[in-house]
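Subject: Handover of a structure

Dear colleague,

Please find the structure for your records below.

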Amino acid sequence: MNCEHSRQLSAYYDGELPPEECRSLEAHLAECAVCRTELAHLRTLSRLVAAAGESDIPEGLALRVHERIDSAGDMVVVRLAERLMAVAAAILLASGVWLWQAQGTEASVPDEAWVSTIVSPALPTPQEQAPVDPVIKWVVDDLSQGERT
Amino acid sequence: MTAIERNPHGAPDGLRATDPELLQMASEGDAAAFHELVDRHAASLFRLARAMTGNAADAEDVMQETFLGAFQRMSSFQGRSSVRTWLVAILSRQAARSRRWRLRRPAVAFEEVAEEPGARARQTPDARMDIAEALGRLSSEHRQVLVLREVEGMTYAEMAEVLGVPLGTVESRLFRARQELKEQLSDYLA
């Protein structure tokens, strides 16, 4: 059988109840046998559970813990060395790839003069034009007259 | 910088580093500082692990994993709580992972209780077995708050920090855990 104040008793027993609620509950305890019994049960349970933790540390356990910590410390150094080596390897690989790409890129750069020739070929000036052959001129003129007639 | 601490007899005990100082030294490479921490807390953490797991073998595993985890994650300690609370938080998580508690048969647990050298005999073996069984039947969450409160003596605020739950949750779990335990150990509640 539980009183409506049973839930408060747990916090009261642990000293976690606010002062005002604490005083109110203590006034209630003076009049409620159910809650007084419940409080006694809490004390007994507390003693029983506390006894479950009463156990001497096994002999040699602390030493085993020390040894395990020492081993873990050694492993930390090994792992750090492995990570540094991996980083160094990655840097070397990246440098190698960059150098290879840089060499390949330089060989494929076109000659600037050749590029300009393709993009904008120089047209001959009138003075540079070769003189027209008279026969060719006669043929062109004759053909032109034929089209007009 | 070290602090002077007094021994129980009142006389100065020379220069003795505090737990946070030891942890700081250990994180800077001073292995002896971490070993000192182990020596300070091993016995009490074992008792806590013993209460949480119900047997010495699991308690030893949990304790070793606790200190190993603390050693590997020293940098995670931010000084918001005591070193002790930080260690207990790690231990609580390790104990929750210990599954052998649920697989232990009562007969085996009783044999282990009888064989534990140096175990204090405040109660009869039957009583210790009954308590161990009753605690074992609780959920991990309920067992944790009971043990942290009754064995470690933690406040609700400390438990909330260790378990990472609100203070109201701690209070609620503790109330329900005690109600369950009361039903299982009714023979001991005259």
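This is a predicted model: local features need pLDDT of at least 70, side-chain atom pairs count only at pLDDT 80 or more; totals for chains, interfaces and linings use all residues.

Residues are numbered from 1 along each chain as its sequence is written, chains are lettered from A and ligands numbered from 1 in the order in which they are written, and side-chain values use heavy atoms, with hydrogens and water left out.

**The two chains**

Chain A has 6 helices and 0 strands; helices (H or I, at least four residues) and strands (E, at least two) are DSSP runs, numbered from the N terminus. The order of elements in chain A is α-α-α-α-α-α. Of the 149 residues in chain A, 23% are buried, where buried means under 20% relative accessible area, exposed over 50% and partly exposed in between (1.4 Å probe, protein chains only). Where contacts in chain A join residues at least 6 apart in sequence, 50% of them link residues at least 24 apart; a contact means heavy atoms within 4.5 Å.

Chain B contains 10 helices and 2 strands, and its sequence follows the pattern β-β-α-α-α-α-α-α-α-α-α-α. Chain B has 190 residues, of which 51% are buried. Among the contacts in chain B with a separation of 6 or more, 57% come from residues 24 or more positions apart.

**Helices 2 and 4 of chain B**

Helix 2 (residues 31–53) of chain B and helix 4 (residues 83–97) of chain B have axes that come within 11 Å and cross at roughly 40°. Axes are lines fitted to C-alpha atoms, for helices over the stretch in contact, and angles run from 0 to 180 degrees between N-to-C directions. Helix 2 and helix 4 of chain B are therefore oblique to each other, as angles under 35 degrees count as roughly parallel, over 145 as roughly antiparallel, 65 to 115 as roughly perpendicular and the rest as oblique. The crossing of helix 2 and helix 4 of chain B is right-handed; a crossing is left-handed if the near helix is turned anticlockwise from the far one by less than a right angle, and right-handed if clockwise.

The residues that meet include H41(B), S44(B) and L48(B) from helix 2 of chain B, and L87(B), L91(B) and A95(B) from helix 4 of chain B. The residues of this contact divide into 10 nonpolar, 3 polar and 1 charged (Ala, Val, Leu, Ile, Met, Phe, Trp, Tyr, Cys and Pro count as nonpolar, Asp, Glu, Lys and Arg as charged, and the others, Gly among them, as polar).

S44(B) has 19% relative accessibility and so counts as buried. A polar atom of the S44(B) side chain lies 3.3 Å from the backbone oxygen of H41(B).

Q94(B), in helix 4 of chain B, counts as buried because its relative accessibility is 13%. Apart from its neighbours within four places in sequence, Q94(B) is in contact with V62(B), E65(B) and T66(B).

**Helices 8 and 9 of chain B**

Helix 8 (residues 140–150) and helix 9 (residues 156–163) of chain B pack at about 135°, with their axes 10 Å apart. Helix 8 and helix 9 of chain B are therefore oblique to each other, and their crossing is right-handed. In this pair, Q144(B), V145(B), L148(B) and R149(B) of helix 8 meet M159(B), V162(B) and L163(B) of helix 9. By class, the contact has 5 nonpolar, 1 polar and 1 charged residues.

With kind regards

How values were computed: A polar contact is a pair of N or O atoms within 3.5 Å; within protein, one must be able to donate a hydrogen and the other to accept it, and residues adjacent in sequence count only if both atoms are side-chain atoms.
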